[in-house]
Structures are given as structure tokens and as C-alpha cells.
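Here are my notes for your first read-through. Please keep the sequence and the 3D view open, and check each point as you go.

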Amino acid sequence: MNWDIIQLTFWLIAGLVSFYFSIGNARVWTSIAVGFGFILIGQLIPQAMPYLPGLEIPQVEAMGYIVGTISILVMTHGFQEYYIFSRTLELEGNKIAVYLVTLGVTACSFVFILINPEPDQRTLEIIRVVENVNWVFLSLINIDLIRKICQNIKDSPISRGFAAFILVFVFIFIWRGSELYIQVYNLSDPVVASHFPFRYQLSLLCQNVGNLLAGLSVGGTFLFLARLLR
Amino acid sequence: MLLLPKGNPVKESIDPSRINIPEAFAKLARSSFTGYLRFDTTRGTGILIFNRGRLISALLESGSGSQIAYDALAAIFECSLSGNVVLNIYRLSPELALGIHALLHGDVLYQAQEVKLLDIKALLGKLKQDKVTGCLRIYTQEHVALIFYREGTPLGFFHDGSTEIEKTAENSMSVAKLPGAKIDVLAAVEADEQDLADLLTSGDVGAIWAKAKQEILQERQVRDREASRAVEMREADRRSKVEELFKSVATKHIGKIGTSLVEKEFEKTFVGESLVTEKGLNGFYQRLCKASRLVAGPSAVKAMLDEMQRGFQGLGK
């Protein structure tokens with residue numbers, strides 16, 4: 001079964017919905033929505049490589065992974081901001097600053113890639129591992145953060161939307177955790193996979209299903225949030 | 001209430017709170033005024049009698065008793081400075097001024113006897129027999145007349161508009177014919193004009209005035225402070241009611257975080273103020289709206305603000 005097209009479709013919808021959501025709503029949602037929107041780019045580049053020319057360039061592939069890392073960092077920052085708001089009821093900054101800083105970090109990362117030697121396969125794998133490590137651990141942190149936010153904004157119209165984000169990060173954890181597991185134990189190597197076929201197949205299934213459900217739940221959650229915030 | 005005929009009015013219905021009374025006394029002294037000043041106060045009636053520019057008598061008669069001399073002056077000053085006092089000044093002849101002085105400081109033999117139930121002839125006979133020196137005061141609600149006696153023999157009459165003791169009984173007796181007329185019999189203690197001390201020179205009226213002014217000022221300050229505290233308390237109570245209302249409305253529309261948001265924005269908007277104004281609330285609504293949009297959509301926020309505005313107007317009624 002080719003998961004790539006289905007996953008990409010869901011992430012395309014999720015990314016567009018979250019970007020659109022970031023424009024039309026309060027400043028505190030900007031980081032969260034931009035972060036989720038960036039997953040689209042992080043997913044688009046590696047998954048669309050077989051279909052789109054130019055994406056196989058190592059620098060472009062490396063940028064795909066880096067954007068993926070930036071996306072989880074930005075959205076975690078967004079949830080932290082929301083948590084601080086829910087505790088202190090204070091919110092600073094503006095939307096434009098969030099967009100500009102995110103673009104600035106992305107641009108700096110791109111310059112970093114360009115001024116360094118062309119990433120070989122090992123380098124790309126390490127960058128990919130770093131991305132997945134960030135996703136796995138920050139997903140766990142975000143689940144805890146969102147749980148606390150839910151307690152603070154209990155009974156508010158948006159609280160059920162935040163509960164949905166817990167589900168999103170559970171799926172992301174399964175997706176990225178399985179991928180990290182495969183990478184760490186090198187299960188994608190046919191020789192190793194032949195020794196642990198069940199683990200590899202299960203991890204691969206978890207990765208693909210997790211990815212699919214994450215994309216689906218991100219789009220659904222933002223649509224749900226948009227409905228709650230009408 | 002002190003019942004005296006009005007005499008010849010010099011000035012009537014003056015507000016003494018606008019007058020420097022010691023200065024006015026000095027003026028009366030310089031012009032050798034003879035007559036009396038009547039202060040109708042909330043505490044009672046004050047009578048100051050001048051004879052040839054000398055303040056020979058001060059009396060304040062209230063429901064709880066009488067004060068004389070400097071005590072009466074101090075009380076009259078305080079009442080005058082407090083406001084709600086009417087001052088009337090009447091000119092009299094020196095003889096009449098002395099007669100009134102003797103009368104005010106004398107004893108009441110009989111009081112409020114109904115004229116129509118009284119055997120006047122027998123009463124006059126008794127006065128003659130007892131050789132009473134004093135006067136008969138005949139009065140109704142509006143009019144007063146005095147008939148002076150010395151050792152039981154009538155000296156003359158004093159009624160509204162008189163400046164001296166008159167010999168004709170016509171006006172005075174006409175009061176007795178009015179419905180509801182009553183008679184008091186008063187025994188006077190006669191004093192020689194020279195024996196009477198001048199209260200203006202024998203004491204420091206200026207100091208009494210200054211003290212009264214100071215006391216009134218302090219009273220006024222205390223009253224103002226109390227009034228301002230009462231207003232503050234009322235406003236604080238209102239503020240607290242408004243805040244409680246807003247908290248409950250916010251909780252209803254955006255959950256428990258609404259309570260915290262209202263508390264915070266209320267504190268920010270009305271920092272150091274106890275007065276909750278419509279203008280101040282506009283800023284509060286704007287800030288609350290902005291903060292609430294982080295946890296609720298525009299429709300829920302609008303419904304919340306509408307209910308708050310309605311509730312605030314309801315509290316104002």
C-alpha cells in the first residue's frame with residue numbers, strides 16, 4: 001500500500017487549514033498554527049521526492065528535515081505561550097513577529113546548509129534522527145503542557161479543542177517514535193529487518209498509520225477549533 | 001420658643017452664616033443701637049439685646065433649657081456658622097429694651113392660659129393685689145403683645161411694630177381677641193441700666209467667634225470626611241457588585257478562566273479608583289474582549305459582553 005499520497009493529501013489539507021487558522025485568529029494561535037503548517041513543508045519535501053523533480057537535491061532534503069524540526073519547536077513555543085497566558089493571563093508580541101522570526105530561522109538554517117559541505121546520506125540520516133528526537137520528546141512535553149492548559153481553561157469554549165490536541169500529539173508520538181525506533185536500530189536495513197521482521201513491520205505500520213492519523217487529526221482539530229471559535 | 005413682639009424691623013430674614021457677627025456687633029455698638037437681634041436656629045431661639053450700643057443680654061432658649069451670656073453667644077455663633085439660621089433685627093426704645101431684658105431673665109408665673117377660659121378681671125386684680133412687676137404676654141401663632149406692669153400697675157403696651165412702650169391698649173388687646181389666643185404671666189427682675197454689664201467689653205467676643213468658627217470648621221471637616229468615606233464605601237460596594245456580576249457572567253460564557261480575566265482586567269482598568277464609570281468600562285470591555293478571544297469565539301464573547309452591559313445598567317437602576 002502506498003501511504004505517501006494519502007499522507008501527503010491529509011498534510012496538505014492540515015497545513016492549509018492551520019495556516020489559514022493562524023491568519024484569522026488571536027495572536028496566541030499564530031505559533032501553534034504556523035508550527036503545524038510547517039509540518040506540511042517538512043512532509044512535502046521528503047514524501048514528494050519521487051514525484052517532483054529537484055527535491056532529491058541533498059540540500060533540499062536536509063531543509064525538509066530542518067523545517068520539520070523548526071515546526072515542532074515553533075508549535076511547542078506556541079503551546080508554552082498559551083500555557084503562560086492561561087496561568088498569568090498576559091500575552092505579549094504580535095503575529096508579524098512570529099512569522100518573521102520563523103522565516104528568519106528557516107532562512108538561517110538554509111544558509112547554514114549552503115555554506116557547509118553537501119550533506120551525504122549519513123548527514124541526512126543524522127538530521128532526520130535529530131528531527132525525530134525533537135518530535136518524540138517535545139510531543140510528550142506538549143501532551144503534558146496541553147493537559148495543564150486544559151485544566152486552566154476548563155469549561156471554556158476552546159477547552160475541548162485543546163483536548164483534541166492531546167490526541168494529535170499521541171498520533172505524532174506514535175508516528176515519529178516508530179520512525180525513530182527504525183532509525184536507531186537501523187531496521188530499514190534489509191539484513192537487520194530480516195532478523196526482526198515483526199518489529200520492523202509493526203514499526204512501519206505504526207509510523208504510517210500514526211502519520212496518517214496525525215495529518216487527519218491536525219486538520220480535524222483546526223476545523224473543530226475554528227467551529228468552537230466562531 | 002421665645003415669644004416677643006417684633007418691634008420696629010431694621011433688617012429681617014438675614015442669613016447670619018454670611019456675616020462676621022463680631023464686626024456687626026461693633027457696628028451696632030458704634031451706632032448706639034438699641035433693640036434686639038433674634039436668631040431662629042434649629043437648636044432654639046437666641047435673643048441678643050442691645051441698649052445704647054451695649055450688649056446687655058444674650059439668651060438662647062432651646063427645648064433642653066436656656067443658656068445665657070457668653071455661653072449663649074457661643075451657641076448662637078455656632079448655630080449661625082452652621083447655617084439654617086434666620087436673623088431678624090428690631091429697633092426698640094431703651095426703656096423697652098430694658099423691659100424685655102427684665103422679662104427674659106424673669107420667672108414664668110402662669111403659662112399658656114387660654115384667654116377665652118380665663119377671668120381676665122380676676123387675673124388683673126390678682127396682679128394688682130400681689131404687686132407683680134412683670135408683664136402679661138398675650139399671643140397667638142402669628143402675633144405677640146406684651147402689657148408691662150410695675151407693682152401691679154400697668155405701664156404700657158408693646159406689640160409688633162412698636163419701638164417704645166405705648167399707652168394705648170388697642171393693638172395689644174386685639175391679639176387677645178384672636179382665636180386661640182393665650183396668656184403668660186411673667187414676673188420680671190428689674191435692673192438698673194448702669195448695673196448691666198456690656199458683654200462686648202467685659203469678654204472677648206472675637207475669641208468666642210474664632211473658637212466657634214474653628215469648631216464649625218472641624219465639624220465640617222469631619223462631616224465631609226464621613227460623607228466622602230460613605231461615598232467611597234458606596235462606590236466600593238457598587239464596584240464589588242459589578243465585579244461579582246461580571247465574574248458570574250464571564251464564567252457562564254467562557255468558563256472559569258473568565259473569572260480570572262474579569263478580576264485582572266477590572267484591576268487594570270480601575271487601579272486606584274473606586275468609581276466604576278461607563279467610560280472606564282468601555283476600556284474594560286475592550287481589554288476583556290481581546291483576552292477572551294483567546295479562549296472563545298466572537299459570538300460567545302459578544303454574548304458575554306452584551307449580558308455584562310445589560311447587567312451593569314440593571315445595577316445602576
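1. Helices (H or I, at least four residues) and strands (E, at least two) are DSSP runs, numbered from the N terminus. By that rule, F137(A) lies in helix α5 of chain A.

2. Next, the ground rules. This is a predicted model, in which local features need pLDDT of at least 70, side-chain atom pairs count only at pLDDT 80 or more, and totals for chains, interfaces and linings use all residues. Residues are numbered from 1 along each chain as its sequence is written, chains are lettered from A and ligands numbered from 1 in the order in which they are written, and side-chain values use heavy atoms, leaving out hydrogens and water.

3. Look at the surface of chain A. V133(A), F137(A), L140(A), V170(A), F173(A) and I174(A) form a nonpolar patch there, with about 450 Å² of accessible area together. Patches are made of residues with over 30% relative accessible area and no salt bridge; like charges are joined within 9 Å, nonpolar side chains (Val, Leu, Ile, Met, Phe, Trp, Tyr) within 5 Å. Accessible areas come from the Shrake-Rupley method with a 1.4 Å probe, and for residues only the protein chains shown count as cover.

4. Now the charges. Side chains of opposite charge can pair when their charged atoms come close. A salt bridge is a side-chain nitrogen of Lys or Arg within 4 Å of a carboxyl oxygen of Asp or Glu.

5. Take E131(A) and R176(A). They form a salt bridge, with the closest N and O atoms 3.0 Å apart. This pair links distant parts of the chain: E131(A) is in helix α5 of chain A, R176(A) is in helix α6 of chain A, and they are 45 residues apart. Are they buried (under 20% relative accessible area), exposed (over 50%) or partly exposed (in between; 1.4 Å probe, protein chains only)? E131(A) is buried at 0%, and R176(A) is buried at 1%. Both belong to a network of salt bridges that links R128(A), E131(A), R176(A) and E179(A).

6. Chain B has its own pairs. E263(B) forms a salt bridge with K247(B), the closest N and O atoms being 3.0 Å apart. E263(B) lies in helix α8 (residues 256-269) of chain B and K247(B) in helix α7 (residues 205-254) of chain B, so the pair ties together parts 16 residues apart in sequence. E263(B) is partly exposed at 38% relative accessible area. K247(B) counts as buried at 12%.

7. Compare K302(B) and D306(B), which also form a salt bridge. Both lie in helix α10 (residues 298-316) of chain B, four residues apart, about one turn of the helix. K302(B) counts as exposed at 52% relative accessibility, whereas D306(B) is partly exposed at 26%.

8. Finish with the sheet. Five strands of chain B form an open, antiparallel sheet in the order β7-β11-β8-β9-β10. Two strands pair if DSSP finds at least two bridges between them. β7 (107-114) and β10 (153-159) of chain B stand at the edges with a single partner strand each, so one side of each has no neighbour in the sheet. Strands β8 (residues 134-139) and β11 (residues 182-187) of chain B pair over six bridges. L136(B) has V185(B) as its bridge partner in β11(B).
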